[in-house]
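Welcome! Here are some exercises to work through with the structure open beside you. Try each task before you read its solution.

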Amino acid sequence: MPAITIAMKTNLAKYDAFLILFVKSLVICLSFWFIYHRIFISQDFAQFESAFKNAFLAPTFFPLLSVVCILFLINWGTEAYKWKMIIKKLQIISFPQSFKAVFSGITVGLFTPNRVGEYGGRIIYLNRSNRTNAVVIAIAGNLSQLLTTLVFGILGVIFYYLYFSQLNIGFISLVLLLIIPICFFLFFNIRKIPVLFGSKIEKYLRAFAFFSNLELIKLVFLSTLRYLMFFLQFYILLLIFKIEIQILDALVLLPVIFLVISVIPTFALVEWGVRGSAALFFVGAVSSNSAGILAAATMLWLINIAFPALLGVMFIANHKLSINEY
């Protein structure tokens, strides 16, 4: 009987793995098909190429791009500070070390679902004895960023349907609004969850035992700051590529795009497709310039994912020289 049970569990695990892979592949394929249809069929690809050329030739291109680059430094500098703050519970590291760890994580996370491999890239800069606990502690920082994305995303979804849809979602809006305080309650009381649901998930939530409520508030604040940097980067890039979008429209549409990117399982290496298709769908509600929208989404991906990943490659390559000391 135990052998049968083990076999059934093994088959279920294989089925679940196949189903997850199928869903991810389907999402990625649909995303790229949507982009292909909007750019290569509905419009001539030359318009997409022209969007880049026109943006580069505009006198405002380099000043605005400089602002985007400054926001890039603030964004990832904040994440480096957040990682340094989190990991000091186990080991004191310098800010430059934290910065290298964050970028190395982006490199490793390129090939893993929803960038879960980022933790593996970050912990190589820690003492070997601290690496296992570091992965657990990192959950707190990840959940604080997810909390921020969920809160702004839910508000964005509500206002999106109020202003851009004819559907009456009064009851659904109320349900969505109730989710926000529930998310905050769970985040600040997550240590108590194992008591309610058993000890199976306790090892994943013990990270929160390291932090006081004041420290968790600080994590949420830093995550919100990062979110604001992403928002401003995307908004400025849309302006660079001649997308006429009002700030109030952006406050509704961009959080929905970030929410979609966060909840859809994908790989950072092909996240461009999901990001681009989501931007085309939602920003397309206020602009018919599909080529410009996709160009802005592409630049956002290149600046925040591709470029840091390239830097991470160099950091990892140099770190190999001293990895034996751990």
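## Exercise 1: A salt bridge across the chain

E215 counts as partly exposed, because its relative accessibility is 22% (buried means under 20% relative accessible area, exposed over 50%, and partly exposed in between, with a 1.4 Å probe and protein chains only). Before going on, note that this is a predicted model in which local features need pLDDT of at least 70 and side-chain atom pairs count only at pLDDT 80 or more, while totals for chains, interfaces and linings use all residues. Residues are numbered from 1 along each chain as its sequence is written, and side-chain values use heavy atoms, with hydrogens and water left out.

Task: find which residue forms a salt bridge with E215, and how far apart the closest N and O atoms are.

Solution: 
- Step 1. Recall the rule: a salt bridge is a side-chain nitrogen of Lys or Arg within 4 Å of a carboxyl oxygen of Asp or Glu.
- Step 2. The partner is K89, with its closest N and O atoms 2.7 Å apart from those of E215.
- Step 3. Helices (H or I, at least four residues) and strands (E, at least two) are DSSP runs, numbered from the N terminus.
- Step 4. Check the accessibility of K89: at a relative accessible area of 30%, K89 is partly exposed.

## Exercise 2: The salt bridges of R122

Task: work out which residues R122 meets in salt bridges, and whether R122 is buried or exposed.

Solution: 
- Step 1. Start with E79: its side chain and that of R122 meet in a salt bridge of 2.8 Å, N to O. This pair links distant parts of the chain, with R122 in helix α5 (residues 118-122) and E79 in helix α3, 43 residues apart.
- Step 2. Turn to E118, which forms a salt bridge with R122 whose closest N and O atoms are 3.8 Å apart. Both E118 and R122 lie in helix α5, four residues apart, about one turn of the helix.
- Step 3. Look at burial: R122 and E79 are buried, and E118 is buried as well.
- Step 4. Widen the view: salt bridges that share partners join E79, K82, E118, R122 and R226 into one network. The structure holds five salt bridges.

## Exercise 3: Helices and their crossing

Task: say how many helices and strands the protein has, then describe how α3 and α13 cross.

Solution: 
- Step 1. The count is 13 helices and zero strands.
- Step 2. The axes of helix α3 (residues 61-87) and helix α13 (residues 290-319) come within 12 Å and cross at roughly 45°.
- Step 3. The crossing of α3 and α13 is right-handed.

## Exercise 4: Inside the protein

Task: decide whether Q233 is buried or exposed, and find how far Q233 is from N75.

Solution: 
- Step 1. Q233 is placed in helix α10.
- Step 2. Q233 counts as buried because its relative accessibility is 0%.
- Step 3. Although Q233 and N75 are 158 residues apart in sequence, their C-alpha atoms are 9.7 Å apart in space.
- Step 4. For the whole protein, buried residues make up 47% of the 326 residues.

How values were computed. Axes are lines fitted to C-alpha atoms, for helices over the stretch in contact, and angles run from 0 to 180 degrees between N-to-C directions. A crossing is left-handed if the near helix is turned anticlockwise from the far one by less than a right angle, and right-handed if clockwise.
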